[in-house]
Amino acid sequence: MAVPVRVADVAPVPGEVVARYLALPDMTCAVADALDELGVGAVAADVLRAARPGARLCGPAVTLRYEVARHGSPVLADRDLYRLAPPGAVAVIDAGGSEYAVVGEISAGCARDAGVVGVLVEGAVRDFDALTTADALPVWSRARSPRNARGRLDAAELNGPARLGGIAVLPGDLVVADDNGVAAVPADHVTAVLRRCETATDTV
Ligand SMILES: O=C([O-])CC(=O)C(=O)O
Ligand SMILES: [Mg+2]
């Protein structure tokens with residue numbers, strides 16, 4: 001059965017804007033302060049951890065939400081998600097905190113091949129050795145697990161609302177992540193948040 005797709009298109013964010021976000025010192029802290037000032041967006045503390053500490057990520061979100069399988073033919077849809085992603089997108093996979101790994105070495109490789117710049121998982125990943133190599137695609141997750149999700153989780157929706165580290169992420173939100181945490185900037189506030197970050201006088 002086809003997985004419902006809520007929003008067909010997530011627009012790419014100009015590379016110059018992404019580069020300016022990534023150049024911010026303590027990026028997610030600066031973004032969190034700007035979101036507070038503007039009263040928009042959402043920030044998650046470090047409940048999601050980077051497989052490779054020191055990794056930094058910025059890009060528009062494409063989303064996939066899983067539910068616990070309730071019928072005989074559940075499907076995984078990480079590859080479908082990557083196919084929906086514009087170049088430079090961040091894949092947000094909401095597995096509801098499940099202990100079953102929804103991303104591993106092969107999935108991360110498919111993401112990279114599709115032009116995805118990083119994967120954030122509300123749940124578990126596996127193949128940790130491969131995910132921690134210096135050239136690996138940046139991946140964040142709540143947990144690690146050797147057990148795969150096949151037959152256990154079922155794709156419920158592509159590019160609908162997702163939960164990530166306790167916050168809501170919408171497709172098209174600009175997602176930033178580093179060792180401090182994760183923040184979601186609404187698409188229509190990407191420029192205003194960046195401007196505030198670059199002109200903030202307080203040290204973060
Ligand atoms: O096979 C799976 O379900 C996940 C995995 O290990 C991979 O993507 O390499
Ligand atoms: Mg694997």
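**Entry 1: Arg126**

I looked up Arg126 and found it in the loop between strand 6 (118-125) and helix 5 (128-131). Helices and strands here are DSSP runs, numbered from the N terminus: helices are H or I with at least four residues, and strands are E with at least two. I kept in mind that this is a predicted model, where local features need pLDDT of at least 70 and side-chain atom pairs count only at pLDDT 80 or more, while totals for chains, interfaces and linings use all residues. Residues are numbered from 1 along each chain as its sequence is written, and chains are lettered from A and ligands numbered from 1 in the order in which they are written.

Is Arg126 buried or exposed? I noted Arg126 as buried, because 22 other C-beta atoms lie within 10 Å. The cut-offs are these: 20 or more other C-beta atoms within 10 Å of a residue's own make it buried, 12 or fewer make it exposed, and anything in between is partly exposed, with C-beta atoms placed from the backbone.

Next I listed what Arg126 is in contact with, leaving aside neighbours within four places in sequence: Ala101, Gly104, Arg144, Ser145 and Pro146. Two residues are in contact if their C-beta atoms, placed from the backbone, lie within 7 Å.

I also checked the record: an unreviewed UniProt entry has the annotation "binding site" covering Arg126. UniProt positions are given in the numbering used here, feature names are shortened, and annotations may be inferred rather than shown by experiment.

**Entry 2**

Asp127 has its place in the loop between strand 6 and helix 5. I put it down as partly exposed, because it has 19 other C-beta atoms within 10 Å. Leaving aside neighbours within four places in sequence, Asp127 is in contact with Gly104 and Glu105.

Ala130 sits in helix 5. It counts as partly exposed, because 16 C-beta neighbours lie inside 10 Å. With neighbours within four places in sequence left aside, I found Ala130 in contact with Glu105 and Ala136. I also looked up Ala108, which is 22 residues from Ala130 along the chain; their C-alpha atoms are separated by 9.4 Å.

**Entry 3: The whole chain**

How many helices and strands are there in the protein chain? I found six helices and 12 strands. The radius of gyration of the chain is 16 Å, close to the 17 Å that the globule rule gives for 204 residues, so the chain is as compact as a globular protein of that length. The radius is taken over C-alpha atoms, and the rule is 2.2 Å times the number of residues to the power 0.38.

Along its principal axes the C-alpha trace spans about 55 × 35 × 30 Å. Buried residues make up 45% of the 204 residues. Of the contacts with a separation of 6 or more, 78% are between residues 24 or more positions apart.

**Entry 4: Helix 2 and helix 6**

Two packed helices are described by the angle between their axes and the distance between the axes. I looked at helix 2 (residues 27-38) and helix 6 (residues 190-199), which pack at an angle of about 115 degrees with their axes 9 Å apart. Axes are lines fitted to C-alpha atoms, for helices over the stretch in contact, and angles run from 0 to 180 degrees between N-to-C directions.

Which residues make the contact? Helix 2 brings Ala30, Val31, Ala34, Leu35, Glu37 and Leu38, and helix 6 brings Ala192, Val193, Arg196 and Cys197.

**Entry 5: Two positive phi values**

Most residues other than glycine have a negative phi. I noted Asp26, with a positive phi near 45 degrees, in the loop between helix 1 (15-22) and helix 2. Asp26 counts as partly exposed, because 15 C-beta neighbours lie inside 10 Å.

I noted Asn159 too, where phi is positive and near 55 degrees. Asn159 is in the loop between strand 8 (153-158) and strand 9 (162-164). Asn159 counts as buried, because 25 C-beta neighbours lie inside 10 Å.
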